[in-house]
Amino acid sequence: MKNVLSKTLEEYCSSLSTQSGDALNAIERYTYTQMLKPQMSTDSWQGSFLTMVSQIMSPKYILELGTFTGYSTLCLAKGLSSEGKLITLEVNAETLAKTKAQFQSIPEFNKIEFLNGAALELIPTLPNDIDLIYIDAKKDEYHDYYESLIPKLRAGGILIVDNILWYGKIVDSDKDKTTQLIHDFNVRVFNDSRVDNCILPIRDGLQFIRKH
Ligand SMILES: C[S@@+](CC[C@H](N)C(=O)[O-])C[C@H]1O[C@@H](n2cnc3c(N)ncnc32)[C@H](O)[C@@H]1O
């Protein structure tokens, strides 16, 4: 697999972007000592971007698909308005229970609702008028997440989707199934008159989407 940016450039960007605090460092330690696939977690560089977007928006309602160990959950929750809440969805009950336990001592804990279940089943049960959405769950469901969430996103709301350059494989002429799916997703977003978008080569690539 190719990296989107060289390791040297990634390290440069990461080292000169706002660093994680103690709580995020503790989640990172937990992820790398306890989880089988720790690389699934958002890192400090991408996390600093998510926090900044959230802080600029000061959202009342954030939705995240794919909690894992909660690194991106906390990055996003840091920008919530004083009365704001974040709902995060995770299909793996054991992962979610352990993550929730890790969060008990974090000040943002009371603003976060941890829901166990498959995203496509839970999304229809969620309230509308979401300010900020972060999608980081099952790649082959990206199209369905998008179609079910755009109506729930408020006008002017932001949707961020992770892994949309798929380790740089997105530009391969001979694409495997997942790569083709993600490419089709990027084309779908580009052609959607309901939104504006910008692809950002942060880590594995972020779709940054604004609903009109
Ligand atoms: C890449 S990880 C998320 C990483 C996390 N956002 C972070 O940055 O630390 C993807 C997570 O999505 C969860 N997941 C996979 N399919 C899902 C689904 N259909 N609904 C909800 N969560 C799902 C996986 O169990 C996994 O924990």
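Me: In β7, which residue is the bridge partner of Asn 197?

Reply: Happy to look at this with you: it is a predicted model, where local features need pLDDT of at least 70, side-chain atom pairs count only at pLDDT 80 or more, and totals for chains, interfaces and linings use all residues. Residues are numbered from 1 along each chain as its sequence is written. Strand β6 (residues 195-200) pairs with β7 in the antiparallel sense over 6 bridges; two strands pair if DSSP finds at least two bridges between them, and helices (H or I, at least four residues) and strands (E, at least two) are DSSP runs numbered from the N terminus. In β7, the partner of Asn 197 is Ile 209.

Me: Which residue in the hairpin of β6 and β7 takes a positive phi?

Reply: Most residues other than glycine have a negative phi. The hairpin has 5 residues between its strands, and one of its residues takes a positive phi near 50°. This residue, in the loop between β6 and β7, is buried, with 21 other C-beta atoms within 10 Å (buried means 20 or more other C-beta atoms within 10 Å of its own, exposed 12 or fewer, partly exposed in between, with C-beta atoms placed from the backbone). The residue is Arg 203.

Me: Is Asn 163 buried or partly exposed?

Reply: Asn 163 is not a glycine, yet has a positive phi of about 65°. Asn 163 sits in the loop between β5 and α8 (177-190). With 19 other C-beta atoms within 10 Å, Asn 163 is partly exposed.

Me: Which residue in β7 is the bridge partner of Val 161?

Reply: Strands β5 (residues 153-162) and β7 (residues 206-211) run antiparallel and are joined by 5 bridges. Val 161 touches Ile 135, Tyr 142, Leu 206 and Gln 207, residues up to four places away in sequence not being counted (contact means C-beta atoms, placed from the backbone, within 7 Å). In β7, the bridge partner of Val 161 is Gln 207.

Me: How many residues does the largest nonpolar core have?

Reply: A nonpolar core is a set of buried Ala, Val, Leu, Ile, Met, Phe, Trp, Tyr and Cys residues joined through C-beta atoms within 7 Å. Ile 133, Leu 159 and Val 161 are among those with the most contacts inside the largest one. Its number of residues is 44.

Me: Which residue in β5 is the bridge partner of Ile 133?

Reply: All of β4 (residues 130-135) is buried, 6 of 6 residues, so β4 is largely enclosed by the rest of the structure. On one side, β1 (residues 61-65) and β4 pair in the parallel sense over 4 bridges, with Leu 63 opposite Ile 133. β4 and β5 also pair in the parallel sense, over 5 bridges. In β5, the bridge partner of Ile 133 is Leu 159.

Me: Is Ser 72 buried or exposed?

Reply: Ser 72 lies in helix α4. Neighbours within four places aside, Ser 72 is in contact with residues including Thr 42, Glu 64 and Asp 136. With 26 C-beta neighbours inside 10 Å, Ser 72 counts as buried.

Conventions: Two residues are in contact if their C-beta atoms, placed from the backbone, lie within 7 Å.
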